[in-house]
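This briefing goes through one structure by topic. Keep the sequence and the 3D view open while reading.

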Amino acid sequence: MIDRNAPIFVTGHRGMVGSALVRRLKSAGFGNILTATRSELDLREQAAVDSWFDSHRPAHVIHAAGTVGGIQANATRPAEFLYDNLMIHATVLHAAYRTGVEKLLYLGSSCIYPRDCPQPIKEEYLLTGPLEKTNEAYAVAKIAGLKSCEAYRKQYGCRFISAMPTNLYGPNDNFDLTSSHVVPALIRKFHEARINGAAEVAVWGSGRPRREFLHVDDLADACLFLMDNYEGEETINVGSGEDLTIAALAELIRDAVCPGVRIAFDASMPDGTPRKLLDVSKLRALGWRHQTALAEGLASAYEWYCSRVAVAAAS
Ligand code: GDP
């Protein structure tokens with residue numbers, strides 16, 4: 001187990017993943033969790049990152065920061081996704097190596113696997129085929145980060161490990177309809193339909209793509225598990241091992257939020273990759289599996305959204 005009293009730096013702690021990590025580390029008894037807001041530390045600036053690492057000396061790092069977004073944001077802001085993510089990964093990994101960080105966990109993403117690889121996706125399928133076009137820029141940057149972990153291990157012996165999460169959802173998700181992922185977008189759309197008494201809700205694409213979803217608290221738990229139990233070079237998939245169509249997801253959210261409203265598929269919007277279900281047998285063999293069933297996780301995400309909407313309306 002990694003030392004609960006050693007300083008551990010969680011990058012991106014205001015995001016959905018970073019905030020879940022901080023909650024999980026606190027509940028596990030970590031007493032020295034380091035964080036830095038974007039205004040305190042621009043992770044794209046090597047000099048700033050170097051000086052931050054020099055003064056704070058983290059023993060461990062979980063690297064959850066990144067410029068992220070849904071299918072539309074990825075497709076329309078490729079330069080931003082490529083530049084920000086390339087820089088953020090390069091600076092943090094290099095500073096961690098230079099200051100002798102004991103262990104670092106890098107987070108990839110299931111969208112960096114080839115578009116048309118066999119399902120479920122095994123870790124070794126990485127870089128075996130062309131990427132999905134709608135998120136190619138993001139994927140290239142994330143793959144560079146993942147390969148950097150391997151390179152720092154090989155050349156310098158750094159204990160850098162990596163995990164590959166599937167599509168995530170949960171508290172502190174991004175609910176902006178142009179840049180969000182599908183779960184927060186649909187929670188918001190069905191909620192607004194309920195408030196406004198709308199007859200139908202638009203769901204992008206054909207409804208036929210299949211996606212796997214994991215509650216972010218489960219991901220945070222898996223990250224701690226890997227920090228404590230995994231030392232290998234090969235990345236480890238983190239998912240639920242189950243997927244469903246976007247149409248079925250929309251029905252689940254509709255039934256929980258606004259039963260009876262009609263679902264209208266908007267064929268002018270992209271479907272993206274047809275399927276990306278992770279093979280989670282490696283992680284299961286190590287002894288970890290997810291806890292939150294999708295319906296239960298979606299209900300709690302909707303509760304969280306309602307509490308935030310209520311707070312925003314009252315302020
Ligand atoms: P992806 O997994 O990288 O494709 O990212 P998303 O979570 O953005 O999209 C997943 C799937 O959900 C795609 O097929 C989208 O077209 C579909 N989808 C349906 N409605 C929505 C929506 O309102 N917002 C988003 N982001 N995706 C939607």
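Helices (H or I, at least four residues) and strands (E, at least two) are DSSP runs, numbered from the N terminus. The model is predicted: local features need pLDDT of at least 70, side-chain atom pairs count only at pLDDT 80 or more, and totals for chains, interfaces and linings use all residues. Residues are numbered from 1 along each chain as its sequence is written, and side-chain values use heavy atoms, with hydrogens and water left out.

**Two loops**

- Pro120 sits in the loop between strand E4 (103-107) and helix H5 (136-156).
- The peptide bond that leads from Gln119 to Pro120 is cis, and its omega is near -10°.
- Arg57 is placed in the loop between H2 and strand E3 (60-63).
- Arg57 is not a glycine, yet its phi is positive, near 45°.

**The ligand and its shell**

- The ligand is surrounded by 17 residues, where a residue counts as near if one of its heavy atoms lies within 4 Å.
- The closest of these residues are Ile71, Lys189, Arg211, Pro270 and Asp271.
- By class, the shell has eight nonpolar, five polar and four charged residues. Ala, Val, Leu, Ile, Met, Phe, Trp, Tyr, Cys and Pro count as nonpolar, Asp, Glu, Lys and Arg as charged, and the others, Gly among them, as polar.
- Helix H6 (182-196) and strand E7 (200-204) each give at least two residues to the shell, and H6 has the largest share, three residues.

- A polar contact is a pair of N or O atoms within 3.5 Å.
- A ligand oxygen atom lies 2.6 Å from a backbone N or O atom of Asp271.
- A ligand nitrogen atom is 2.9 Å from a polar backbone atom of Ser180.
- On its own the ligand has 540 Å² of accessible area, and the protein covers 98% of that (Shrake-Rupley method, 1.4 Å probe).

**Helices H2 and H4**

- The axes of helix H2 (residues 46-56) and helix H4 (residues 78-98) come within 9 Å and cross at roughly 35°. Axes are lines fitted to C-alpha atoms over the stretch in contact, and angles run from 0 to 180 degrees between N-to-C directions.
- The crossing of H2 and H4 is right-handed, meaning that the near helix is turned clockwise from the far one by less than a right angle.

Notes: A polar contact is a pair of N or O atoms within 3.5 Å; within protein, one must be able to donate a hydrogen and the other to accept it, and residues adjacent in sequence count only if both atoms are side-chain atoms.
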